[in-house]
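Dear colleague,

I am passing the structure on to you with this email, and my notes on salt bridges and on a surface patch follow below. Please read them with the model open beside you.

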Amino acid sequence: MAATLVSAGWLVISPVDARAQTVGATISVVTIRGAYATGTTEGVVLFSGVDAQAGPLRLAVSIPLSRMTTSPLATVPGGVVPASSSTAGAGDPLVRADLRVVDDTRRGLQVSAAGAVKYAMVDEASGRGSGEHDLGAGGSVFLMRGRTSLMADAMFWRYGDPDGLDYRDGVSYSVGVGRLVGAGRWSVLGTLAGFSAGLDDGPPPVSLGVSLLGAFLNGHSVAVSTGVGLTSGASDVSVGVSWRVSHPLRVRTSASVNP
């Protein structure tokens, strides 16, 4: 069965400046525990990622760097699945591009179209990937009302099937409600995340998560999250910690002198 990772995603709790030009990096550590057909799995997965935003376009790349499990795991977009073996090392990169198509600052509404690909660079026998490419297309919606935000993200995935496993094509989704607390540097985010289809004939994985996010000076931010599985296809419990740093890009413009 697929195990949904409910870690703190960087769905912000405030609107994104449509004119922003930034680069950023993220490191996340997620621990999971779940019972699957291959046995009980306990694991720690380390993800690293970089992203860049220029106006309405955002590009992000993430890579699972290492994994230690008592039962083998392989990563797929949005989660992990049992595998034939497991070793430490880099997994397949996931690339996602988001294009903001609606930016209504008066209503606090932002809508983006998205596309993603998990590129199979790691051999399936290594246990760090499925050995097949995965393609996704979807979008996201963000709505801010005072200090409360609503968000939703959905993507249809066409999975490549490795030998012996059937990754049924389907939709990954997440919906969330966030609330700024205190002076606005901290926020609480509740999410419901899952897939429309499970592995083989198993139940779709669905998980409920809660995250605490903090924004600090110089573009630094942290997130601590925990999640519980609502179906037998999801991990029983997951705990994640993420750290992110972003830096604004300064675009030089040439000055003109009027005669």
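Salt bridges around Arg96

The side chains of Arg96 and Asp153 meet in a salt bridge, with 2.6 Å from N to O; the term stands for a side-chain nitrogen of Lys or Arg within 4 Å of a carboxyl oxygen of Asp or Glu. This pair links distant parts of the chain, since Arg96 is in strand β7 and Asp153 in strand β10 (residues 148-158), 57 residues apart. Please keep in mind that this is a predicted model, in which local features need pLDDT of at least 70 and side-chain atom pairs count only at pLDDT 80 or more, while totals for chains, interfaces and linings use all residues. Residues are numbered from 1 along each chain as its sequence is written, and side-chain values use heavy atoms, with hydrogens and water left out.

Arg96 also forms a salt bridge with Asp98, where the closest N and O atoms are 2.9 Å apart. Asp153, at 14% relative accessibility, counts as buried, and Asp98 counts as buried at 11%, whereas Arg96 is partly exposed at 22%. Here buried means under 20% relative accessible area, exposed over 50%, and partly exposed in between, with a 1.4 Å probe and protein chains only. Strands are DSSP runs of E with at least two residues, numbered from the N terminus.

Other salt bridges

The count by this rule comes to seven salt bridges. One of them joins Asp92 and Lys118, whose closest N and O atoms are 3.3 Å apart. Asp92 lies in the loop between β6 (79-82) and β7 (94-104) and Lys118 in strand β8 (residues 109-118), so the pair ties together parts that are 26 residues apart in sequence. Asp92 and Lys118 are both buried. Elsewhere, a network of salt bridges links Asp51, Arg58 and Arg244.

The nonpolar patch

Val181, Trp186, Val188, Val210, Leu212 and Phe216 make a nonpolar surface patch of about 460 Å². Patch residues have over 30% relative accessible area and no salt bridge, with like charges joined within 9 Å and nonpolar side chains (Val, Leu, Ile, Met, Phe, Trp, Tyr) within 5 Å; accessible areas come from the Shrake-Rupley method with a 1.4 Å probe, and for residues only the protein chains shown count as cover. Strands β12 (186-195) and β13 (206-215) each supply at least two residues of the patch. Trp186, placed in strand β12, is partly exposed, with a relative accessible area of 35%.

Definitions and conventions
Helix = DSSP H or I, 4+ residues; strand = E, 2+ residues; numbered from the N terminus.
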